[in-house]
Amino acid sequence: MSKSSLLGFYITVSFIGFVISKSIILILLYKRWKRKHMINEEGYAGGKMVIFRSSGPQCLESDMKLKKTLSLNNMEVIGSGGYGTVYKLKIDDSKAFAVKKLNRGTADKGFERELEAMADIKHRNIVTLHGYYAAPQYNLLIYELMPNGSLDNFLCRRAEQKKTLNWSARYRIAIGAARGISYLHHDCIPHIIHRDIKSSNILLDENMEARVSDFGLATLMEPDKTHVSTIVAGTFGYLAPEYFDTGRATFKGDVYSYGVVLLELLTGRKPSDETFAEEGTKLVTWVKAVVQEKKEELVLDDRLGTCPMQEVNHVFNIAMMCLESDPLKRPTMEEVVNLLEQTKPDKLATAS
Ligand SMILES: Nc1ncnc2c1ncn2[C@@H]1O[C@H](COP(=O)(O)OP(=O)(O)OP(=O)(O)O)[C@@H](O)[C@H]1O
């Protein structure tokens, strides 16, 4: 081959290589854009609004409406918690969102990356983050609205709370929540510690299916403390004993908190129940003593009526395993799901 044709060959090969590499980059960028499909509005009312991809043109239309209607004046308050107030934003007769106004405003890249990672997590037992609005004074997180609110409202004994959950509904919620947490712990990359498992963070969709919410929020609000925190993150009554010594959020800490939620489902009592403080005890200590004496029926929620005691005992046992003082003796959330599925594989098969 002559020198000039060799040069031509090299130029052609380099050109083809250049075109291929550029095309790959473009495809990857397009895929990323398609995956997120963000409607990204810089300068929206003094802040930045981001709506993550939803599937289908119908959702896109509702995203546009959401963008237009997002104003705190249009919203009614549905609840409030440690990080801020939650509002209901109705954009038309068929579509509404839950908007959480965080008490602080931030718009740094770390905050945005964290939210993008949260939005990537899609599971039938996890509340989807739909978008956010970041402004210097406050931030808004836009979530799917869960029409049946949170589990704690169903378990409380207020006079206005007329609906009570039967055993099979509670079992379904227990397994749904376990599946959601297990997904965060075992299937997400990187694996996610929730850090604030409690009944008010277990929301219920239109079918009373459990959806875990607020994961990542503790990290979002304390960005420098992903795994070790010096102040207590999480909620008193749900925190694993070792947390008070180490200040360390762990997977097994989530398992403990989930065990407390199981006790709430079984007893219908809150860990913050005033009678425990009056009697100088705690929900966990009270139930552990009763289970040791094999008198579970005495602490079972009296609103449950007749229940299959074999199943009830099985769930009590799982709760006790999750509440082991030694974190190493607690099961993983994957094991909890398997244990719960052992009792009712037929009825629960559809929920997987
Ligand atoms: N996506 C949602 N859909 C419907 N209701 C919601 C939604 N998110 C929150 N809520 C309601 O708002 C209430 C307050 O929620 P929020 O997460 O702010 O506080 P919390 O979970 O009670 O406490 P904390 O902030 O300490 O986790 C919840 O108990 C629930 O009833």
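1. Arg211 is buried, with a relative accessible area of 11%, where buried means under 20% relative accessible area, exposed over 50% and partly exposed in between (1.4 Å probe, protein chains only). Its partner Glu144 is partly exposed at 23%, and the two side chains meet in a salt bridge of 3.0 Å, N to O, a term for a side-chain nitrogen of Lys or Arg within 4 Å of a carboxyl oxygen of Asp or Glu.

2. This is a predicted model, in which local features need pLDDT of at least 70 and side-chain atom pairs count only at pLDDT 80 or more, while totals for chains, interfaces and linings use all residues. Residues are numbered from 1 along each chain as its sequence is written, and side-chain values use heavy atoms, with hydrogens and water left out.

3. By this rule there are twelve salt bridges. Among them, Glu209 pairs with Arg124, the closest N and O atoms being 3.1 Å apart; Glu209 is buried at 6% relative accessible area, whereas Arg124 is partly exposed at 40%. Arg124, Arg172 and Glu209 are linked in a network of salt bridges.

4. Glu242 forms a salt bridge with Arg330, with the closest N and O atoms 2.8 Å apart. Glu242 counts as buried at 15% relative accessibility, and Arg330 counts as buried at 2%.

5. The axes (lines fitted to C-alpha atoms, for helices over the stretch in contact, with angles from 0 to 180 degrees between N-to-C directions) of helix H5 (residues 167-187) and helix H8 (residues 251-267) come within 11 Å and cross at roughly 170°. Helices here are DSSP runs (H or I, at least four residues), numbered from the N terminus.

Key. Helix = DSSP H or I, 4+ residues; strand = E, 2+ residues; numbered from the N terminus.
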